[in-house]
Amino acid sequence: MFGRSRSWVGGGHGKAARSIHSLDHLKYMYHILTKNTTVTDHNRNLLVETIRSITEILIWGDQNDSSVFDFFLEKNMFVFFLNILRQKSGRYVCVQLLQTLNILFENISHETSLYYLLSNNYVNSIIVHKFDFSDEEIMAYYISFLKTLSLKLNNHTVHFFYNEHTNDFALYTEAIKFFNHPESMVRIAVRTITLNVYKVDNQPMLHYIRDKTAVPYFSNLVWFIGSHVIELDNCVQTDEEHRNRGKLSDLVAEHLDHLHYLNDILIINCEFLNDVLTDHLLNRLFLPLYVYSLVNQDKGGERPKISLQVSLYLLSQVFLIIHYAPLVNSLAEVILNGDLSVFSSKVEQDIQKNSAKSSIRCFIKPTETLERSLEINKQKGKKRMQKRPNYKNVGEEDEEERGSEDNQDDLDKSKGTEASSKGVRTSTENEEIEMVIMERCKLSELSISAVTEQNTTDEEKSAAASGSEITNWNRPFLDMVYNALDCPEDDYYALFVLCLLYAMSHNKGLDSVKLERIQLPAQHAAEERNSYNHVLAEGLIRIMNYAAQPDGKIRLATLELGCLLLKQLVFSKNGRIIKSVHLDCLEGAREESVHLLRRFYKGEEIFLDMFEDEYRSMTMKPMNVEYLMMDASILLPPTGTPLTGIDFVKRLPCGDVERTRRAIRVFFMLRSLSLDLQGELETQLPLTREGDLIKADDVLDLNNSDLIACTVITKDGGQVQRFLAVDIYQMSLVEPDVARLGWGVVKFAGLLQDMQVTGVEDDSRALNIIIHKPASSPHSKPFPILQATFIFADHIRCIIAKQRLAKGRIQARRTKMQRIAALLDLPVQPSTEVMGFGHSSGAAAQHLPFRFYDQSRRGSSDPTVQRSVFASVDKVPGFAVAQCINQHNPSPLSSPSPSSGSGSTGRCDSVTASSTSTPSAAQSPAGLIGIILKLKYF
């Protein structure tokens, strides 16, 4: 026993020392398979481990030893896998076999090795094997195995899967049978498999898909999508209390997945597949279900319908996602220029008399299931010839399904004839219907051109676009769009209409000529225009007027989208083309928004924070219509409670705080729109401009500046020596510039208005200072950018620093509130001096911090400022005191201005730089105390 153990530990010779990754070990595994051809309870685990080991050896051999695959093929080892499957040895063996095969094909990288594995049709035999798909684990590994194989498809490997002689493509046909599987991951895998198949440029294979599988697959797929849409509509209509939002979100996400999948098929640009898919989408889904529901809300008819909001919502998603020109142009033509006759034309009525179908444009269930249709087509196209040996399923009996084939032969002949006649008739019907559409399009073009090509005014052109001049041509779908824009009560439908117009105008596949018929410019169109759709413009301006009313029911998302569309409507390549009357109406709406915001204007601190937060949120996160149309919550009636979790811009305000926020946003949007249409630049907003603020590493001239030395102890325990300086809007921590006497390098700068200052109980020389980063949204948690303890030389300097920071914060907020009052045309109260903070008339007009330092700021790497180094940091404030002790100006209304000889970080209790004031430093107690303290300290 000990000798055997020594041999194993020491790595001696024999079976125990055999490498598991070698040809010899593969031969050993083959020997095990030959001895265990029948699966029993005793050898089940042994066979599973043997299959795993063989897979590992094959993957290793793919990279290291080609003789491994030679032996694998020579011994026909795949036959053992098939035999194990056909013995119905239980789910454990099936799962392990599918898992190992999936790993094997995933990790094979050399094409030669792949060809070895795919030869002799063994893989196809595994694909068509009748697994127990009620087992979720078997289903998961099986569909994963098919997806792995589809990733290996190309022009060379497709011949291993598609048999042109027998018209059989098991990988594809077996996969699409699970297109409507209850498990979403299975459906996603099926879509991936089909896309991988469609991308292979093999014409015989693609023709087989078109002739044998396209119509049954696409018809069943369209019905499956429509069934989800009807379920989605039922969920919307029964969930007015917002209780099933989870289910509704899942249904919307599923519909988005469907549209992206359809778009992925279309962008592959396989022409004959696109023709079949486009025909089914238009005539079986989009027109009869989506478009027909726009004007027919009577649920008692024979045709299935969905609610108006769901129809508009889904059509907007279609135009946002799908850009295939033939599809979107045909759909847009019906919406913008069609009427109900497209559903009951004379041609269609004639077809109904000779067809068992109720209508050529109707959402109906396919007569056969997909699996049954594939079986019928397979039997129809099956050639009566002997299969080639390498395409014959190894180990299967020659008489497979022969009895069932004889029993179904007569039935298939009759159904095949019927299906063939249906196919011919459908083709003829489609051509006739397309001819009718083309004729109606020509009619509309002639009618509109008869109005627009003459010497007409812009008003007449706009009337023609709205349809009022064409009395013989009814456009109910377009009328519905215009009528929905009049929304004094709520914007439930208006939001969806705006999204639809936006999606159509931004669709790259849509012909701009179709949009020009209603004078809606496409985003990608570059033509010059001299007129625009007055009816649409007036509808948009009406929405803005409603939004500016105190009791307005317009959501912020609707208003922002309306502003985007109006700018797109009235801006042309050659500039603005808006009429003065429309501009005056817009100015009236802007003034209404000013009056609305005045009602909420308060001198409290929270108003300033809300004002700046809303402007920051609006500029940092502009509207993304694609994301908006992914949100299922807008399908439900507008609500005013935040308890639903709906984003603020997508619902009505609740309470005074949210009404204030809404009034601020409305003011910002209408002000921005007004300035854009008048060609003016925004000069007042934001209240704090990044370009006007001091930033870290700025080099400042600190001569004649008030500085307080301190030790900064950060939260992580670090200590640094800094000088504290206070500006109009900011506090800064600086250190002396080693290259220039009297200059300093900014190491930190933060806004005074976002600062909190508290004392330390057990240390009269210390202050706790926290400065928060401006929040990106009103609900985000404040993030501290500075959280430190400041320790000063004595308690007097600590008191001075605390007063300076506190009063500076008050003055900074007061200054901004005065600027807001100026924006709202409110009287500005003159500010009184707060701890030496005053403003002259020149500086009050600018309120720009350190503006007088602009010429003094230089990077620390500037070679021109590399001069002598300070012997001590204390020389900076000492130098400042020595230079300005005789030039102090305590005037309460003075402030830094560009005319000052040198800069200052703020007027506090000590040194100033103006030489024009009459009082001396001794006449100002605050100034005198500051000078004495500095002289004493230094």
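Okay, let's start with an arginine: R191 comes out at 10% relative accessibility, so R191 counts as buried (buried is under 20% relative accessible area, exposed is over 50%, and partly exposed is in between, with a 1.4 Å probe and protein chains only). Before I go on, this is a predicted model, where local features need pLDDT of at least 70, side-chain atom pairs count only at pLDDT 80 or more, and totals for chains, interfaces and linings use all residues. Residues are numbered from 1 along each chain as its sequence is written, and side-chain values use heavy atoms, with hydrogens and water left out.

So what does R191 pair with? R191 makes a salt bridge with E254, and the closest N and O atoms are 3.0 Å apart. By salt bridge I mean a side-chain nitrogen of Lys or Arg within 4 Å of a carboxyl oxygen of Asp or Glu. R191 is in helix α12 (residues 184-198) and E254 is in helix α14 (residues 245-267), so this pair ties together parts that are 63 residues apart in sequence. Helices here are DSSP runs of H or I with at least four residues, strands are runs of E with at least two, and both are numbered from the N terminus. E254 is buried too, with a relative accessible area of 9%. R187 joins in as well: R187, R191 and E254 are linked in a network of salt bridges.

How many salt bridges are there by this rule? The count comes to 24. Let me show you two others. The side chains of D491 and R555 meet at 3.0 Å, N to O. D491 sits in the loop between α22 (476-484) and α23 (492-505), and R555 in the loop between α25 (534-547) and α26 (556-570), so parts that are 64 residues apart in sequence get tied together. D491 is at 0% relative accessibility and counts as buried, and R555 is buried at 2%.

Then there's R598 with D825, a salt bridge at 3.9 Å, N to O. R598 belongs to helix α27 and D825 to the loop between α31 (795-823) and α32 (841-844), so this pair ties together parts that are 227 residues apart in sequence. Buried or exposed? D825, at 58% relative accessibility, counts as exposed, while R598 is partly exposed at 27%.

While we're on α27, have a look at H582, which lies in that helix (residues 580-598). H582 is buried, at 5% relative accessible area. Leaving out residues up to four places away in sequence, H582 touches Y532, H534, A537, E538 and I541, where contact means heavy atoms within 4.5 Å.

Now, aromatics. The structure holds 26 aromatic pairs. Rings of Phe, Tyr and Trp (its six-membered ring) pair if their centres lie within 6.5 Å; planes under 30 degrees apart are stacked, over 60 edge-to-face, and the rest tilted. Y30 and F80 are edge-to-face, 5.9 Å centre to centre with 80 degrees between the planes. Y30 is in helix α2 (residues 23-35) and F80 in helix α5 (residues 78-86), so the pair ties together parts that are 50 residues apart in sequence. F80 is buried at 15%. For F667 and F668, the centres are 5.8 Å apart and the planes are at 50 degrees, so that pair is tilted.

Apart from its neighbours within four places in sequence, F611 is in contact with residues including L597, I664, F667 and F668.

β6 (residues 708-714) and β7 (residues 719-726) run antiparallel, joined by six bridges; strands pair if DSSP finds at least two bridges between them. V712 has V720 in β7 as its bridge partner. Their hairpin has four residues between the strands, and G717 there takes a positive phi near 100 degrees. β7 then goes on to β8 through a hairpin of three residues.
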